[in-house]
Amino acid sequence: MKTPAQVAIVEVGPRDGLQNLSQFLPTARKIRFIELLAESGLKNIEVTSFVHPKAVPQFRDAQEVFSGLAELKGIQKTALVPNVIGVKNALAAGATAFSFVFSLSESHNLRNVNKTREESLIELSGIQEMLKDRPGISLRVVLSVVFGCPFEGQVRIEDTLYYLDRLRAMGVTEVILADTVGYGRPRQVREIIRACRDHCRSFTFGVHFHNTRGLGLANVLVCLEEGIAVFDSSLGGLGGCPFVPGATGNIATEDLVFMLEDLGIASGVNLDRLLQATRFIKECLPEAALSSSLFQAGLPGREGQSC
């Protein structure tokens, strides 16, 4: 496969990056965080999650965040939704782009969204019915624990392909393969990407990697070599799964953009502006551990100027 000349980055920091934190980030600061991300050139930002506030208290202000972003134009403001109720609330807030998430392992899906896999597919069908007559709506499906589950171990490729078939039959066109707990390894990633792509060439595939074991960018490089051009990442490397102990952050957007620039691959993101956003979130959340190597070390020739 040909390495893409340009990629799309989906910034998940305001959602995946914040969901694990015990400290509530005030609504006004969330909105400013998202504005700074947009000012860096990011065009697709997962801004919040419409889940029950008892499950993830960080997003009890989801509607207020969307309302506060009403004047922010030129970006796709995506809402993560696990069910029909979440979509109803997101639509009421003005959302037009949605990420629907379910897990390939029954155990993780039950912990993550409190549903069996079949129940999640029923929810997805209901969501599609709700959205079908609305113009300008986008919906992507995020498949969690594709590269391994903390409760069930390795996910069989046959199971992955089975659910891809189910999604294709439902008319899904964009699927994100997510390494939810950072189990992915480059050789394994290549094998799974090839198997999925060869099985379902009608899909636009993207990937969502965590850097739990330090292989996030190595996995990205493999995916680039396999022609993947959609990547989720989180500013500062924030993030993790609140239902899995020890599931640490995503790949850092700064590190991803820095690597892409070295490879001559366009992302449309300005690194200096992006680092301004990192400094802002560090000021807001001084206790949060930012794993971004670029933020810690600074740009080459400007060491010490990142913080």
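This is a predicted model: local features need pLDDT of at least 70, side-chain atom pairs count only at pLDDT 80 or more; totals for chains, interfaces and linings use all residues.
User: How many residues are in the largest nonpolar core?
Analyst: That core has 89 residues, and Leu143, Leu167 and Leu177 have the most contacts inside it. A nonpolar core here is a set of buried Ala, Val, Leu, Ile, Met, Phe, Trp, Tyr and Cys residues joined through side-chain atoms within 4.5 Å. Buried means under 20% relative accessible area, exposed over 50%, and partly exposed in between, with a 1.4 Å probe and protein chains only.

User: Which helix gives the most to this core?
Analyst: Helix 11, residues 271-284, with 7 residues. Helices (H or I, at least four residues) and strands (E, at least two) are DSSP runs, numbered from the N terminus.

User: What does Leu143 touch?
Analyst: Leaving out residues up to four places away in sequence, Leu143 touches Phe102, Leu104, Leu164, Leu167, Val175, Ile176, Leu177 and Ala178. Contact means heavy atoms within 4.5 Å.

User: Switching to strand 2: is it mostly covered or uncovered?
Analyst: Strand 2 (residues 44-49) is mostly covered, with 6 of its 6 residues buried. Strand 2 pairs with strand 3 (residues 76-81) in the parallel sense over 5 bridges, and Glu46 stands opposite Thr78 in strand 3. Pairing takes at least two DSSP bridges between the strands.

User: And strand 1, over how many bridges does that pair with strand 2?
Analyst: Strand 1 (residues 8-11) pairs with strand 2 over 2 bridges, also parallel. Val10 stands opposite Asn44 in strand 2.

User: How many aromatic pairs turn up?
Analyst: A search of the whole structure finds 6. Rings of Phe, Tyr and Trp (its six-membered ring) pair if their centres lie within 6.5 Å; planes under 30 degrees apart count as stacked, over 60 as edge-to-face and the rest as tilted. Phe50 and Phe66 have ring centres 5.8 Å apart and planes at 45°, so that pair is tilted. Both are buried.

User: Why is the pair of Phe147 and Phe209 tilted?
Analyst: Their planes are at 40°, with centres 5.7 Å apart, so the pair counts as tilted.

Key:
Residues are numbered from 1 along each chain as its sequence is written. Side-chain values use heavy atoms; hydrogens and water are left out.
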